[in-house]
Amino acid sequence: MRKERLIVPAIAVVVVVWMAAQLLSSILFERSMHQALEDLEARGEWHVQRTESDAGWLTSHGKILLSPLLGRPWRLQVSYRARHGILNTDIEGTLLPRLDTALQRAVGDVSVPSAPRWQGRYHTLSGHTELRLALAPLVIEQDGRYLEVRGARVRLEGVFGDWRLRGLFNELVLRDRDARLVLGPSVLESRYTYTQDAYHFNQHDQLRVESLSLIHPELNLTVAPLELKSDMVLDEQELRIASELIVGDAILGDEAPQAPILRGRIAAELSRIDADAVREVIAQLRQEAARGSVDMPVEEGLLARLEPNLLQTLKESPRLDIHAIDMQSPLLGIDIDADGALFFDSRRLDELSLIDASRQPMPSRWRSHFEGDITWDNAPPVVALWLGLPLSTRSLTFDLIQGKWRVNGRPLPDF
């Protein structure tokens with residue numbers, strides 16, 4: 001009899017604990033969702049809006065609208081439905097792209113069998129999130145031109161302050177009458193680490209394209225592979241961007257199948273971009289987005305309002321270090337082994353304008369702020385001949401002085 005009396009209270013305790021755990025799971029998921037959207041906005045690149053939100057104990061659902069902060073060429077509607085468990089929350093939803101009127105006219109209709117679906121899982125205790133997307137093949141058509149995307153798979157996972165993305169993209173084919181461009185397969189790997197409000201962040205990206213082929217009645221070109229690496233760091237003092245482009249064998253199939261016209265690598269780093277000014281630009285962009293609307297996230301005249309802070313990003317005299325230009329052309333018999341550095345003179349910033357950058361005399365003013373030099377060692381005699389230098393010249397120094405190029409002390413010839 002005593003055991004029977006204990007069963008009901010035990011069941012009641014289990015039910016209460018289960019309900020509390022379910023409620024906690026829902027609350028933690030909602031908090032994680034709110035934090036993730038804030039993280040996305042913190043970079044100052046996206047306008048994020050939750051148009052619907054219904055949080056429940058057992059299930060939650062809603063819709064999120066994403067669009068580029070600068071301009072309004074397209075919007076992405078992300079719907080989600082979450083089923084809360086005590087330890088995990090399973091999520092699924094759809095992606096629905098929407099183009100603005102001008103872009104819709106430019107690219108034409110998008111033929112997709114159904115809205116792409118995505119799935120994910122949120123781990124309640126650790127806060128770790130995994131999202132997966134499988135994109136079915138789709139075709140974009142416009143006036144006899146076709147862009148065919150032959151499927152993709154994307155995986156995003158991480159926690160607050162540390163996110164990883166891996167994308168596998170099948171071939172992308174662009175056809176325009178007799179011409180065809182085939183890109184891929186491709187792999188994108190990215191990692192983004194950051195502090196609160198992206199005050200400091202580090203982003204590493206690596207994109208590898210196995211093959212790029214251009215088929216045209218007058219030209220057949222194949223490049224295999226192409227690889228781009230990038231590291232972006234925002235610390236207390238500066239924003240630095242280091243990049244490396246690796247070009248595989250570029251072959252003109254009809255001309256010389258066994259002799260690449262180009263291959264090699266270029267490595268460079270941009271530094272001394274003022275960190276505080278960058279953060280001011282990001283904060284200002286977020287304020288602009290908060291005042292905007294769904295149809296126009298940013299109001300007109302944005303560049304004029306951003307110009308003072310954008311110019312301040314240059315106040316520490318940004319520097320572009322060209323660590324290596326290591327390119328070869330077996331077909332032409334030319335090797336390029338060069339390095340150097342270019343600088344921006346930050347004096348007299350008040351003379352410069354971004355709004356009037358294309359109007360005279362502003363272009364010449366901007367050019368006059370650039371200085372630097374690039375040295376090409378072991379240059380072939382034919383290059384010296386092109387530049388009007390003695391055939392015995394083996395080292396070429398290209399000097400940039402107030403926006404004007406000179407080579408080995410002589411004005412660069414007009415080509």
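The model is predicted. The protein has six helices and 25 strands. Of its 415 residues, 34% count as buried. Where contacting residues are at least 6 apart in sequence, 52% of the contacts join residues at least 24 apart.

- Strand 7 (residues 129-135) and strand 10 (residues 152-159) run antiparallel and are joined by seven bridges.
- In this pairing, Ala 134 is found opposite Arg 153 of strand 10.
- Strand 10 also pairs with strand 11 (residues 162-169), again in the antiparallel sense, over eight bridges.
- Here Ala 152 faces Phe 169 of strand 11.
- The hairpin of strand 10 and strand 11 has two residues between the strands, and Gly 161 takes a positive phi near 90° in this hairpin.

- Strand 23 (residues 396-401) runs antiparallel to strand 24 (residues 404-407), with four bridges joining them.
- Phe 398 is placed opposite Val 407 of strand 24.
- Two residues lie between the strands in the hairpin of strand 23 and strand 24, where Gln 402 has a positive phi near 50°.
- Strand 24 is joined in turn to strand 25 (residues 410-411) by two bridges, and these strands run antiparallel.
- Arg 406 has Pro 411 in strand 25 as its bridge partner.
- The hairpin of strand 24 and strand 25 likewise has two residues between the strands, and Asn 408 takes a positive phi near 50° there.

**Nonpolar cores**

- In soluble globular proteins, nonpolar side chains tend to be buried together.
- The largest nonpolar core of this protein has 15 residues, of which Phe 29, Met 33, Ile 64, Val 78, Tyr 80, Ile 91 and Trp 118 touch the most other members.
- Two or more residues of this core come from each of helix 1 (2-42), strand 2 (59-68), strand 3 (74-84), strand 4 (88-99) and strand 6 (117-123).
- Helix 1 gives the largest share, four residues.
- What does Ile 64 touch, not counting residues up to four places away in sequence? Its contacts are Met 33, Leu 37, Val 48, Gln 49, Arg 50, Leu 76, Gln 77, Val 78 and Tyr 80.
- Another core, of 13 residues, lies apart from the largest one and includes Ile 322, Ile 334, Ile 374 and Val 407.
- Val 407 of this other core is also the residue opposite Phe 398 in the pairing of strand 23 with strand 24.

**Aromatic pairs and a charge over a ring**

- A pair of aromatic rings is described by the distance of the centres and the angle of the planes.
- The count of aromatic pairs comes to five.
- Tyr 192 and Tyr 194 form a stacked pair, because their ring centres are 4.8 Å apart and their planes are at 20°, under the 30 degrees that counts as stacked.
- Tyr 192 is buried, with a relative accessible area of 13%, and Tyr 194 is buried at 9%.
- The pair of Phe 344 and Trp 366 is tilted, with 5.9 Å from centre to centre and 40° between the planes.
- This pair links distant parts of the chain, as Phe 344 is in strand 21 (residues 334-344) and Trp 366 is in helix 5 (residues 362-367), 22 residues apart.
- Both Phe 344 and Trp 366 are buried.
- Phe 160, Tyr 192, Tyr 194 and Phe 201 are linked into a cluster by ring pairs.
- The charged end of Arg 279 sits over the ring of Tyr 199, at 3.9 Å from the ring centre.

**Thr 313**

- Thr 313 is in the loop between helix 4 (302-312) and strand 20 (319-329).
- Is Thr 313 buried or exposed? Thr 313 counts as buried because its relative accessible area is 11%, and the cut-off is under 20%.
- A polar atom of the Thr 313 side chain lies 2.5 Å from the backbone oxygen of Leu 310.
- Apart from neighbours within four places in sequence, Thr 313 contacts Arg 272, Ile 273, Asp 274, Ala 277, Val 278, Val 281 and Pro 318.

Key: Residues numbered from 1 in each chain as written. Predicted model: local features only at pLDDT ≥ 70, side-chain atom pairs only at ≥ 80, totals over all residues. Heavy atoms only, no water. Pairing = 2+ DSSP bridges. Core = buried A, V, L, I, M, F, W, Y, C linked by side-chain atoms within 4.5 Å. Buried < 20%, exposed > 50% of the residue type's maximum accessible area, 1.4 Å probe, protein only. Contact = heavy atoms within 4.5 Å. Polar contact = N/O pair within 3.5 Å; in protein donor to acceptor, adjacent residues only side chain to side chain. Phe/Tyr/Trp six-rings, centres within 6.5 Å; stacked < 30°, edge-to-face > 60°. Lys NZ or Arg CZ within 6 Å of the ring centre and 35° of its normal.
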